[in-house]
Amino acid sequence: MPVLVMKFGGTSVGSLDRIKRAAKRIGVEVAKGYDVIVIVSAMSGKTNELVGWVNETSPLYDAREYDAVVSSGENVTAGLMALTLQEMDIPARSWQGWQVPLKTTSAHANARIEEIPTDNMNAKFGEGMRVAVVAGFQGISPEGRITTLGRGGSDTTAVAFAAAFEAERCDIYTDVDGVYTTDPRISDKARKLDKIAFEEMLELASLGAKVLQTRSVELAMRFGVRLRVLSSFEDNDENFGTLVCAEEDIMESNVVAGVAYSRDEAKVTLVSVADRPGIAAAIFGPLSEAGVNVDMIVQNISEDGRTDMTFSCPTDQVARAEAAMLASKETGEINYHDLVADTDVAKISIVGIGMRSHAGVAAQMFAALQNEGINIKVITTSEIKISVLVDRKYMELAVQALHDSFGLEKS
Ligand code: ADP
Ligand code: ASP
Ligand code: MG
């Protein structure tokens with residue numbers, strides 16, 4: 001029988017009523033003749049609560065135990081969903097990651113999927129199971145310990161199952177009815193897109209649009225999974241959502257497809273470091289070893305053999321960055337006068353494959369921000385995106401100004 005993957009996010013399984021509602025949607029697809037693999041998230045708010053408990057118990061926690069705790073939210077939903085389907089006379093069974101087994105690397109809290117064997121689950125489908133309810137976000141390491149795939153990781157579980165089982169489609173049910181030109185929660189002018197190219201979705205996701213986890217888009221692109229984002233709260237025919245597809249399948253698109261933002265950014269400047277060969281390696285090597293995810297980097301013009309080096313990283317990694325730099329200063333590997341951290345910045349990005357062939361997009365972006373009196377602190381560009389750091393208090397204003405300037409609003 002053809003296989004369909006359906007993923008329900010936290011809000012979509014946030015109460016017993018919502019689980020029932022999702023189960024009805026699953027029932028519709030079962031009635032059409034699909035064998036369905038359902039991926040569920042923890043009930044909304046649950047994972048945050050579990051992460052909070054871990055941090056409170058052990059601030060420098062052992063990541064293996066972090067995973068043991070935070071993976072548990074999904075187990076509850078998977079069992080409840082299987083029970084709900086059984087109450088509807090649909091043969092359903094829950095599967096935790098280790099039971100599949102969904103094999104991952106041992107990078108706890110941020111593991112990568114290595115393999116999903118299909119034999120166990122296919123055998124159960126062969127015996128009459130119609131729905132396999134899989135706990136998202138979790139797997140098992142080569143050492144036999146539970147791992148998790150990073151926040152938002154159930155999206156990646158869903159796409160990986162769709163690829164492994166050659167599913168006809170992977171439907172991501174969430175609390176908005178598709179991918180928008182920007183987060184509909186911060187701009188009521190945001191417009192839903194019927195289609196978006198993999199490359200654009202990949203950039204939007206990695207630049208902060210959390211509607212899909214970045215790695216889920218990477219996997220869908222690599223394995224050609226038909227990926228759709230749609231609402232779990234609408235049952236009508238209009239609920240087609242957004243198809244994430246190859247660039248060639250989109251007839252016409254705007255130069256800029258969307259605007260993304262990332263709230264929790266910090267800007268760190270090492271003031272007056274020696275400008276000599278190897279200085280960047282001496283700074284960024286230890287930062288990477290300390291697990292700091294450096295994003296943007298700017299080096300000033302040097303004066304008298306000294307320069308300032310600025311980089312951005314997530315706000316919650318600033319303390320780690322400071323410690324790593326101080327340690328390098330103490331061993332004499334680098335020498336700087338001061339370390340200045342600004343933890344009140346946000347990153348705003350515009351994304352669009354049309355930027356490859358259009359000049360003047362950056363100039364238009366900077367002019368739009370200037371018109372609002374917003375100062376740009378750092379800029380980075382790539383082929384299909386431009387990102388800027390601005391003061392966090394201007395984040396919403398900047399998103400709206402860019403959304404207006406590039407004509408993305410509803411017609
Ligand atoms: P789930 O719990 O279903 O996985 P998430 O909260 O992870 O849902 O992702 C859905 C949220 O993503 C939406 O509620 C919305 O606020 C946010 N979002 C950010 N950018 C976008 C965008 N461009 N289009 C749609 N949603 C977006
Ligand atoms: N429950 C996990 C999280 O909140 C995984 C997910 O929902 O995708 O990050
Ligand atoms: Mg999510």
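Start with ligand 1: the shell of residues around it splits into six nonpolar, five polar and five charged. In that count, Ala, Val, Leu, Ile, Met, Phe, Trp, Tyr, Cys and Pro are nonpolar, Asp, Glu, Lys and Arg are charged, and the others, Gly among them, are polar.

A word on what you're looking at: this is a predicted model, where local features need pLDDT of at least 70, side-chain atom pairs count only at pLDDT 80 or more, and totals for chains, interfaces and linings use all residues. Residues are numbered from 1 along each chain as its sequence is written, chains are lettered from A and ligands numbered from 1 in the order in which they are written, and side-chain values use heavy atoms, with hydrogens and water left out.

**The ligands.** Ligand 1 has 16 residues around it, and the closest are Thr174, Asp175, Tyr180, Asp183 and Arg185. To be counted as near, a residue needs a heavy atom within 4 Å of the molecule. Ligand 2 sits among Ser41, Ala42, Thr47, Glu74, Phe137, Arg151, Gly152, Gly153 and Ser154. By class, that shell has two nonpolar, five polar and two charged residues.

Here are polar contacts with the ligands (pairs of N or O atoms within 3.5 Å):

| Residue atom | Ligand atom | Distance |
|---|---|---|
| Thr174, side chain | ligand 1, oxygen | 2.6 Å |
| Asp183, side chain | ligand 1, oxygen | 2.8 Å |
| Arg185, side chain | ligand 1, oxygen | 2.8 Å |
| Ser41, side chain | ligand 2, oxygen | 2.9 Å |
| Thr47, side chain | ligand 2, nitrogen | 2.8 Å |
| Gly153, backbone | ligand 2, oxygen | 3.4 Å |

How much of ligand 1 does the protein cover? It covers 89% of the 580 Å² of accessible area that ligand 1 has on its own. For ligand 2, the protein covers 86% of 260 Å². These areas come from the Shrake-Rupley method with a 1.4 Å probe.

**The cores.** A nonpolar core is a set of buried Ala, Val, Leu, Ile, Met, Phe, Trp, Tyr and Cys residues joined through side-chain atoms within 4.5 Å, where buried means under 20% relative accessible area. The largest one holds 40 residues, and Val5, Ile37, Met121, Phe161, Cys170 and Met201 touch the most other members. Its largest share, five residues, comes from helix α6 (residues 154-164); helices here are DSSP runs of H or I with at least four residues, numbered from the N terminus. Apart from this core lies another, of 24 residues, including Met6 and Val40.

Which residues does Val5 contact, leaving aside neighbours within four places in sequence? Among them are Ile37, Phe161, Cys170 and Asp171, with contact meaning heavy atoms within 4.5 Å.

Note on methods:
Buried means under 20% relative accessible area, exposed over 50%, partly exposed in between (1.4 Å probe, protein chains only). Helices (H or I, at least four residues) and strands (E, at least two) are DSSP runs, numbered from the N terminus. A polar contact is a pair of N or O atoms within 3.5 Å; within protein, one must be able to donate a hydrogen and the other to accept it, and residues adjacent in sequence count only if both atoms are side-chain atoms.
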